[in-house]
Amino acid sequence: MVAVTTARYSILALSDGAPPPALQDVIERLRATLLPLGRETPTDRNMLGARIDRFVGDADRQVILLAHGAGCRAAAWWARLSPSHYVQQVAGAILVDPAVEDAGARFASPATQLPFRSMTLDRTGQIEALAREWGSEVMPGDSAVRSGGLLRLIDRLSGAVVAHEVRTAEKLATLR
């Protein structure tokens, strides 16, 4: 199951500090690239954006973003403000326990839906409005706290992306 996910997608993890154990386990099992957010300065934020751009631009396959805490807001900030040729490389995002507070203006961005499918895990019950703003499917956080649950969500997300691609290809084929 994991081999299919890692073979089809590149995984980029965003976390403010050390990820929780279940997320760290997933990062290691999927051989994901972990990108720390850095300090809370505009220079560090801009460098983070450039690093995400580079990872996505250099990826030889579509990317799944796996974010935790303030990393969820960073992923949304990047997705909303990046050129479409970068964002089109992202198959989807799994946003784990987004920071409820806005972290100041650090990752301020327009209040628009993310341009790719996303799932938000909420163990607090406090982020429904934020997930709605992102256009994200809200998942109960307790069901995926363990690494096995996160792996199943990644497979579910990637399976839904593949199904969408097949439907799109079938529709395009009928237009010829």
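**D97**

I looked up D97 and placed it in strand β4 (helices are DSSP runs of H or I with at least four residues, strands are runs of E with at least two, and both are numbered from the N terminus). The model is a predicted one: local features need pLDDT of at least 70, side-chain atom pairs count only at pLDDT 80 or more, and totals for chains, interfaces and linings use all residues. Residues are numbered from 1 along each chain as its sequence is written, and side-chain values use heavy atoms, with hydrogens and water left out.

I read a relative accessible area of 15% for D97, so D97 is buried (buried means under 20% relative accessible area, exposed over 50%, partly exposed in between, with a 1.4 Å probe and protein chains only). I then listed its contacts (heavy atoms within 4.5 Å). Leaving aside neighbours within four places in sequence, D97 touches H68, G69, L121, D122 and R123. Its phi is positive, about 45°, although D97 is not a glycine. Most residues other than glycine have a negative phi.

**R31**

R31 sits in the loop between α2 (21-29) and β2 (33-36). R31 has a relative accessible area of 77%, so I noted it as exposed.

**A108**

I found A108 in the loop between β4 and β5 (117-122). With a relative accessible area of 43%, A108 is partly exposed. Beyond four places in sequence, A108 has contacts with W77 and L81. The C-alpha atoms of A108 and W77 are 6.5 Å apart, and 31 residues separate the two along the chain.

**α3 against α4**

I took helix α3 (residues 42-58) and helix α4 (residues 70-81) next. Their axes come within 11 Å and cross at roughly 70° (axes are lines fitted to C-alpha atoms, for helices over the stretch in contact, and angles run from 0 to 180 degrees between N-to-C directions). That makes α3 roughly perpendicular to α4 (65 to 115 degrees; under 35 counts as roughly parallel, over 145 as roughly antiparallel, the rest as oblique).

Which residues of α3 meet α4? I listed R45, N46, L48, G49, I52, D53 and V56, which meet A74, W77 and W78 in α4. By class, this contact has six nonpolar, two polar and two charged residues (Ala, Val, Leu, Ile, Met, Phe, Trp, Tyr, Cys and Pro count as nonpolar, Asp, Glu, Lys and Arg as charged, the others, Gly among them, as polar).

**Cores**

I counted 29 residues in the largest nonpolar core (a set of buried Ala, Val, Leu, Ile, Met, Phe, Trp, Tyr and Cys residues joined through side-chain atoms within 4.5 Å). L14, L65 and W78 have the most contacts inside this core. Helix α4 gives the largest share, eight residues.

Beyond four places in sequence, its contacts include L35, L48, I52, H68 and A75.

**Whole chain and confidence**

I noted seven helices and six strands. Of the 176 residues, 47% count as buried.

The chain averages a pLDDT of 80, and 73% of the residues score at least 70 (pLDDT is the predictor's confidence in each residue, from 0 to 100). Over residues 1-5 the pLDDT is below 50. It also stays under 50 over residues 162-166. Where pLDDT is low, the predicted coordinates should not be read in detail.
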